[in-house]
Amino acid sequence: MKVYNTLTKKKEEFVPLVPGKVSMYVCGPTVYNLIHIGNARPMIVFDTARRYMEYKGYEVNYVSNFTDVDDKIIKKAMEEGVSADEISQRYIAECKKDMEGMNVKPATTHPLATREIDGMIEMISTLMEKGYAYAAEDGTVYFRTRKFSEYGKLSHKNLDDLRGGNRSLLVSGEEQKEDPLDFVLWKPKKEGEPFWNSPWCEGRPGWHIECSVMSKKYLGEEIDIHAGGEDLIFPHHENEIAQSECCNGKTFARYWLHNAFLNIDNRKMSKSLGNFFTVREISEKYDLQVLRFFMLSAHYRSPLNFSAELMEASKNGLERIINAVENLKFLIQNTPVKEMTGEEEKEAAALSEYAARFDAAMDDDFNTADAISVIFELVKYANTNVTEESSAAFAEAVKAQIEQLADVLGLIVEKKEEFLDADIEKLIEERQAARKEKNFARADEIRDILLKKGIVLKDTREGVKWERA
Ligand code: AMP
Ligand code: ZN
């Protein structure tokens, strides 16, 4: 298996530190709002990488954090008059719902920054002891960037260029820093902010330190893969490397994988630009499996432009696979011939050629676009070669092969159960009862569930009427 390593700018043969095992850390979202589909891209693509490695027989220890203390979270908490913890807990729960909808497996561990403060203080203390960090008068602790001679190796930036040139790349330049490139490890609290005691001041950690600490705690000092969106290469991942390698005296991560952006009108989708769709919004219109399919239809290192047309194409693509599987199920149930003929046995054995081509695509830096093409070829094969004359065993073999490959990509190819009129009526009754009890949250929730299934409610004088959109 080859992976593209941002560190070396090359596709490299993947060799894990411990044979048969993979340690992998993926930087997770800052939880102050519902995640948007840009945030969903690393979740889906690296979940797929994990699934593929598991299918290849690796045991994958997959760690992905939630950044649950940050300016944006604190701002939102202040606006709502609740604690920062309440905000982050709420959006972690919402994020997990979205992940489930997208069939993203829960990580082996989902650590939270606020629960790992002791480890951060310990690492910062070590960095100070080793001379890599210093505390300013107000208690802010900075990393002494220029002391780490390899700084810039991931983003392929030159320290002098950074210092002299592009000032926008400099991390907020307070006068108390020894050097403008020095970055914050710990900062003093401000009025109303959550804070922790530390040897330097009551305050909170800088953003970068959490990943260095959590990666070490849950995966060890040296890990196989560290991943995230390409906007994290600099400064976040560069700073993580500096912290970890100076603290531990070891290579931090051997392979650095970065996904390209999900764009809209060729601009990065982001909260700050306001040009985003939340995963939740998409789920009102599409099954989130369609979103997953859409994300995997491009290579993870290629920019992907979000559009209604591509989503429709993804919906059709996924349906083609689902319909083929449904058709095979029908044939399996309805054919009187159970055993394979000799000819079918040969054909069934040849199905492994599709799996081999699928593997070759995925072995080439997780080329999911080509892997999907192989599934389509298999679907085409099924549609033309498995007929009413085929045996159930043969139809079963073809179906199993499609399902296995789709499953590696995390695509659920089961047809969702039909939503029957009786189910709809039952939910409407429940909604009416909820409204009577003034449980409007539940009533709205039911309206949303129905809307997601394409059922529109209309309150009329004769009561609630519904129609399929
Ligand atoms: P954030 O919550 O902004 O820290 O982002 C969480 C993860 O989503 C990081 O790995 C980001 O690189 C990634 N990300 C954010 N926006 C996009 C986007 N438009 N396309 C792809 N990845 C993104
Ligand atoms: Zn990180």
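Trainee: In this predicted model, is Glu-240 buried or exposed, and at what relative accessible area?

Mentor: A residue counts as buried when its relative accessible area is under 20%. Glu-240 falls within that class, so the term that applies is buried, and the relative accessible area is 0%.

Trainee: Which residues coordinate the zinc ion (ligand 2)?

Mentor: The donor atoms lie at 2.0 to 2.4 Å from the zinc ion (ligand 2). Two of the donors are SG atoms, one is an NE2 atom and one is an OE atom. In that order, the residues are Cys-27 and Cys-211, His-236, and Glu-240.

Trainee: Which helices hold Cys-211 and Glu-240, and how many residues apart in sequence are the parts that the pair ties together?

Mentor: Cys-211 belongs to helix α6, which spans residues 209-219. Glu-240 belongs to helix α7, which spans residues 233-248. The pair therefore ties together parts whose separation in sequence is 29 residues.

Trainee: What is the relative accessible area of Cys-211?

Mentor: Cys-211 is classed as buried, for which the cut-off is under 20%. The value for Cys-211 is 1%.

Trainee: Which class of geometry describes the site of the zinc ion (ligand 2), given its four donor atoms?

Mentor: The angles among the four donor atoms run from 71 to 125°. A tetrahedral site would need all angles between 85 and 135 degrees. The site of the zinc ion (ligand 2) is classed as irregular.

Trainee: How many aromatic pairs are there, and what kind of pair do Phe-252 and Trp-256 form?

Mentor: The count comes to 15 aromatic pairs. The ring centres of Phe-252 and Trp-256 are 5.8 Å apart, and their planes stand at 55°. Both residues are buried. Because planes under 30 degrees apart count as stacked and those over 60 as edge-to-face, the pair of Phe-252 and Trp-256 is tilted.

Trainee: At what distance from the ring centre of Phe-234 does the charged end of Lys-157 sit?

Mentor: A charge over a ring must be within 6 Å of the ring centre. Lys-147 provides one such case, over the face of Tyr-132 at 5.2 Å from the ring centre. For Lys-157 over the ring of Phe-234, the distance is 5.1 Å.

Trainee: In the open sheet of three strands, which are the edge strands?

Mentor: The strand order is β12-β11-β13, with mixed pairing. Strand β11 (residues 262-264) runs parallel to β13 and is joined to it by two bridges, with Asn-263 opposite Asn-305 in β13. The strands that pair on one side only are β12 (267-268) and β13 (304-305).

Methods. Residues numbered from 1 in each chain as written. Chains lettered and ligands numbered in written order. Predicted model: local features only at pLDDT ≥ 70, side-chain atom pairs only at ≥ 80, totals over all residues. Heavy atoms only, no water. Phe/Tyr/Trp six-rings, centres within 6.5 Å; stacked < 30°, edge-to-face > 60°. Buried < 20%, exposed > 50% of the residue type's maximum accessible area, 1.4 Å probe, protein only. Lys NZ or Arg CZ within 6 Å of the ring centre and 35° of its normal. Donors = N, O, S within 2.8 Å, 3.2 Å for Na, K, Ca; no water. Tetrahedral: all angles 85-135°; square planar, octahedral: opposite > 155°, others 65-115°. Helix = DSSP H or I, 4+ residues; strand = E, 2+ residues; numbered from the N terminus. Pairing = 2+ DSSP bridges.
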